[in-house]
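Here is a friendly walk through one protein model, meant to be read with the structure open beside you.

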Amino acid sequence: MARGKCRGRKAQAPRAPPPAASSSSSPTPPPPTPTDKEPPINALPEHDLCLILRRLAPADLLRAALACRRWRRAAARALPRAPPPLLGYLFHPAGVAGPFPLNPTDKTFHPAVFLPLDADASTRVSLALSPSEARGFSVSDVHLGLVLLLPRALPEGLLPRVLVLDPASRRRALLPAPPRAALPGGDPWRGKRMVFGVSVLSRAHPSRLSFDAVCFTVDGDRPRAWVATVRDADCTWRAMPRSEDVRVDFDPWLFEDRCVRAAGDIYWHICNSSRALKLDPRTLDFSYLPVPAELGDRFKKYRIGETPEDGRLCMAALDDDMELQIWVRGEAKWSDRGWLLERRMCINKALHAVPGLPRDRMHRMACTWLSDMDYARTGKVFIQTWGYGRYSFHMDTGKLQRLEMKDGKEHGHPIWAYTLAWPPAFLAPED
């Protein structure tokens, strides 16, 4: 019986296809096409596309901009919120100081060096200074892919020449000093002038050496801005009037000789002061920015910068108990001179890992201070010690890392973040 059933199955005819649907039943819909599943990306309004691109990292944003002209326009609109890609750091190496309270034994000036994030990038980015330039110039500002250097030895009252480098493209220019004719009616302040550095104001287009820079001086008891306009190495200077709203009622030597840039404005720290000098790049007006009253007048205990996540103006401070505080601008009933305490963390535990650093409060406070925020917005601050090295501290991970070179030298102060000229040439509008 089993074999008979098996033979019967083999001889069985194949099944007939199902009968066709009657005309009364609905026709079978065709398979869905990709356009039926979801709308194409081109159907998105440009505003929505721009919001999407703003969420991308800079490298991914550049790749998206290469897709088509429409995406390039949207990527150009998304640029303001994208921080420039960080390529590395520039600094003048420094010898290791002796333990507190001994003075530093090595005061040798070392030429500026570039430390890339990627070891392969060192062959593409170089200062390319001649031996005389390396010995005679020091870095004053790094911004928009440009490096500005000033002569180390400058007679008092004289305005400097400015060496401008574009390390990525190897372009360079030596700007002449502002002429005497820049001030109508002569220069009555020549004998009462102090120069406190030069800064990049703006860059016309990344593909050319076209930019504006400002030189900050104190003429008598008033600050003044000297503006250089450079178009393909052709430089013209103009002198702005001395500030009428700001008076320097202290020793001008308390100004730091380099600026910091935060939230679109330029600042100069004042040693042992409860305020900083602010320059608005759009109007070239000077004003004072007060420090929270809680910080008081402290020597190099606070630094102006930007919040890592959104680039808001902020201030980092290190108090006597080694508590790191982050203040942001804001108005509220509990604000302190327009500042709000947003974050605080104790770094004493991290500092315990520094070999030889004193543990008692007074000695540790005397030989440890906050030297800077990382202006690349990496979430790091730089910690300087007297005789125990320089360190970076990451505010999110709590990691403390020593900053030293292979030959034993430290990363000197200040440490400039070198970023890509931003926006890139193919996204920047022609001037």
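## Starting at T419

Leaving aside residues up to four places away in sequence, T419 touches P84, P85, L86, L87 and G145. A contact here means heavy atoms within 4.5 Å. T419 itself sits in strand β23, which covers residues 416-419. Helices (H or I, at least four residues) and strands (E, at least two) are DSSP runs, numbered from the N terminus.

Is T419 buried or exposed? T419 counts as buried because its relative accessibility is 15%; the cut-offs are under 20% relative accessible area for buried, over 50% for exposed, and partly exposed in between, using a 1.4 Å probe and protein chains only.

## The model as a whole

Please keep in mind that this is a predicted model, in which local features need pLDDT of at least 70 and side-chain atom pairs count only at pLDDT 80 or more, while totals for chains, interfaces and linings use all residues. Residues are numbered from 1 along each chain as its sequence is written, and side-chain values use heavy atoms, with hydrogens and water left out.

The protein has eight helices and 23 strands. Of its 431 residues, 45% are buried. The accessible surface comes to about 23,100 Å², and carbon and sulfur atoms account for 55% of that; these areas come from the Shrake-Rupley method with a 1.4 Å probe, and for residues only the protein chains shown count as cover. If you take the contacts between residues at least 6 apart in sequence, 52% of them join residues at least 24 apart.

## Helix α5 and its two partners

Now turn to helix α5 (residues 69-78) and helix α3 (residues 46-53), whose axes come within 8 Å and cross at roughly 60°. That angle makes α3 oblique to α5, since angles under 35 degrees count as roughly parallel, over 145 as roughly antiparallel, 65 to 115 as roughly perpendicular and the rest as oblique. The axes are lines fitted to C-alpha atoms, for helices over the stretch in contact, and angles run from 0 to 180 degrees between N-to-C directions. The α3 and α5 crossing is right-handed; a crossing has that hand if the near helix is turned clockwise from the far one by less than a right angle, and is left-handed if anticlockwise. On the α3 side, E46, H47, L49, C50 and L53 meet R70, W71, R73, A74, A75, R77 and A78 of α5. Sorted by class, this contact has seven nonpolar, one polar and four charged residues. Here Ala, Val, Leu, Ile, Met, Phe, Trp, Tyr, Cys and Pro count as nonpolar, Asp, Glu, Lys and Arg as charged, and the others, Gly among them, as polar.

Helix α4 (residues 58-65) is the other partner to look at: the axes of α4 and α5 come within 8 Å and cross at roughly 150°. The two helices are therefore roughly antiparallel to each other. In this pairing, L61, A64 and A65 of α4 meet W71, R72, A75 and A78 of α5. The contact of α4 with α5 has six nonpolar, no polar and one charged residues.

## Loop residues and their contacts

L117 lies in the loop between β2 (113-116) and α6 (131-136). With a relative accessible area of 54%, L117 is exposed. Residues up to four places away in sequence aside, L117 touches L86, L87, G88 and Y89. The C-alpha atoms of L117 and G88 are separated by 4.9 Å, although the two are 29 residues apart along the chain.

For another loop, look between β15 (302-306) and β16 (313-318), where you will find E309. E309 counts as exposed, at 54% relative accessibility. Again not counting residues up to four places away in sequence, E309 touches E342 and R377. The C-alpha atoms of E309 and R377, 68 residues apart along the chain, are separated by 7.6 Å.

## Backbone details to check

Most residues other than glycine have a negative phi, and most peptide bonds are trans. R377, in the loop between β19 (368-373) and β20 (380-385), has a positive phi near 60° and is not a glycine. R377 is partly exposed, with a relative accessible area of 22%.

N272 also has a positive phi, of about 55°, although it is not a glycine. You will find N272 in the loop between β12 (265-268) and β13 (275-280), partly exposed at 47% relative accessible area. Finally, the peptide bond from H413 to P414 is cis, with omega near 0°, and P414 lies in the loop between β22 (400-402) and β23.
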